[in-house]
Amino acid sequence: MSKRVYRYFYGFLDKQQSFLNRMAREGWRLMRTGRISYVFEPCEPDEYNYCVDFVAHKSPRASQDYQRFLDEMGYRVMTKPLNINYSIGKVRVRPWGEGWGKLATSPGAFNKELLIVEKKNDGKPFELHTTMEDRMAYYRTQRSAWGTLALALAAFAVYSLVRYGWAWQAVALSVLTLFHLWPAWQSHHILKQLKAQSEVME
Amino acid sequence: MENVGALTEVSLFILLSLYEPRHGYAVMQFIEQQTDGRLRLGAGSLYGALNNLADKGWIEPLGEADRRRREYRITLIGKKVVQGEIRRLHQLTAFAEEIVGEQT
């Protein structure tokens, strides 16, 4: 008997990860995901652990290579879209992507921004990013991704405010800006702590 | 050879583990066993570290690139880096012991 649960976490990857681990603790194994739905099947309580990873800054090829590596490690890897829109033939610019930025296309990297990685629980903690350098790179990517989006939205909000005053457009855009600013700020905060730590420890 | 500075503990352990060819999972296990579980390496960090070390030419993948369970091994340059690091660590511990020894 499978169970379908509707949730949408957007940029709150840590919340998504906690949700999946909570379900696993209660004896539900994730089978597949949609944009806002998660399908679970019964398993032993605590049989699996989950990590959610962000790969939107990678090219499709780099992302596939990483997925293959995780697969070789014995993990089960699923891709998950970050957004809820359907898209075919879509092209998005990601100035915060690796190198000079990345173009996300559909089919391609678009709608495969997240990886959900499943490991059979062996009693040891399950983390993907453990070294200082790698953790800092991870949060730096998050900060620029969400920060760039927040900045773009803030610019639209200001434009709309100047043009139409406090109409619904400006209000909606401001709310959206805050919604993107939060994960950016969260990443910035963690990054600051890591930086301070990295000055004395590896 | 470029002056490489101090290696991170993880880089040194990966290089040491690859004196014998190993794939990612075996590298992870090697590090965990040799440090009695103190140093636990996440797969994402290991992936980044292996790619960085391969880009520097300190390790190299074995066989065709698209084979399942890609194995790596240390290169000659990598071995020189390890020897340099051993010298650095020796100097460091000798100096530290000298200072601490004087005080006790």
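This is a predicted model: local features need pLDDT of at least 70, side-chain atom pairs count only at pLDDT 80 or more; totals for chains, interfaces and linings use all residues.
Which residues of α1(B) are the buried ones? They are Val10(B), Ser11(B), Leu12(B), Phe13(B), Ile14(B), Leu15(B) and Ser17(B). That is 7 of the 9 residues of the helix, which covers residues 9-17, and so α1(B) is largely enclosed by the rest of the structure.

Now let me step back to the whole of chain B. Its secondary structure amounts to 4 helices and 3 strands, and, read from the N terminus, these elements follow one another in the order α-β-α-α-β-β-α. The C-alpha trace of chain B spans about 55 × 35 × 20 Å along its principal axes. The chain has 104 residues, and 39% of them count as buried.

Next I would like to turn to a pair of helices in chain B, namely α2, residues 24-34, and α3, residues 43-56, whose axes come within 11 Å and cross at roughly 110°. Because angles from 65 to 115 degrees count as roughly perpendicular, α2(B) is described as roughly perpendicular to α3(B). The contact between them is made on the α2(B) side by Gly24(B), Val27(B) and Met28(B), and on the α3(B) side by Ala43(B), Leu46(B) and Leu50(B).

Staying with α3 of chain B, one of its residues is Asp55(B). Is Asp55(B) buried or exposed? Its relative accessibility is 69%, and since exposed means over 50%, Asp55(B) counts as exposed. Asp55(B) and Phe95(B) are 40 residues apart in sequence, and their C-alpha atoms are 33 Å apart in space.

Let me now move to chain A, and to the loop between β1 (3-6) and α1 (13-25), where we find Phe9(A). With a relative accessibility of 13%, Phe9(A) counts as buried. What does Phe9(A) touch, if we do not count residues up to four places away in sequence? It touches Lys15(A), Gln16(A), Phe19(A) and Tyr38(A). Phe9(A) and Ser37(A), for their part, are 28 residues apart in sequence and 11 Å apart in space, C-alpha to C-alpha.

The loop between β1 and α1 of chain A also holds Tyr10(A), which counts as buried at 12% relative accessibility. The phi angle of Tyr10(A) is near 50°, a positive value in a residue other than glycine.

A positive phi is also found at Asp46(A), where the value is near 70°, again in a residue other than glycine. Where does Asp46(A) lie? It lies in the loop between β3 (37-42) and β4 (48-54) of chain A, and, with a relative accessibility of 38%, Asp46(A) counts as partly exposed.

Notes
Residues are numbered from 1 along each chain as its sequence is written. Chains are lettered from A and ligands numbered from 1 in the order in which they are written. Side-chain values use heavy atoms; hydrogens and water are left out. Helices (H or I, at least four residues) and strands (E, at least two) are DSSP runs, numbered from the N terminus. Buried means under 20% relative accessible area, exposed over 50%, partly exposed in between (1.4 Å probe, protein chains only). Axes are lines fitted to C-alpha atoms, for helices over the stretch in contact, and angles run from 0 to 180 degrees between N-to-C directions. Angles under 35 degrees count as roughly parallel, over 145 as roughly antiparallel, 65 to 115 as roughly perpendicular and the rest as oblique. Contact means heavy atoms within 4.5 Å.
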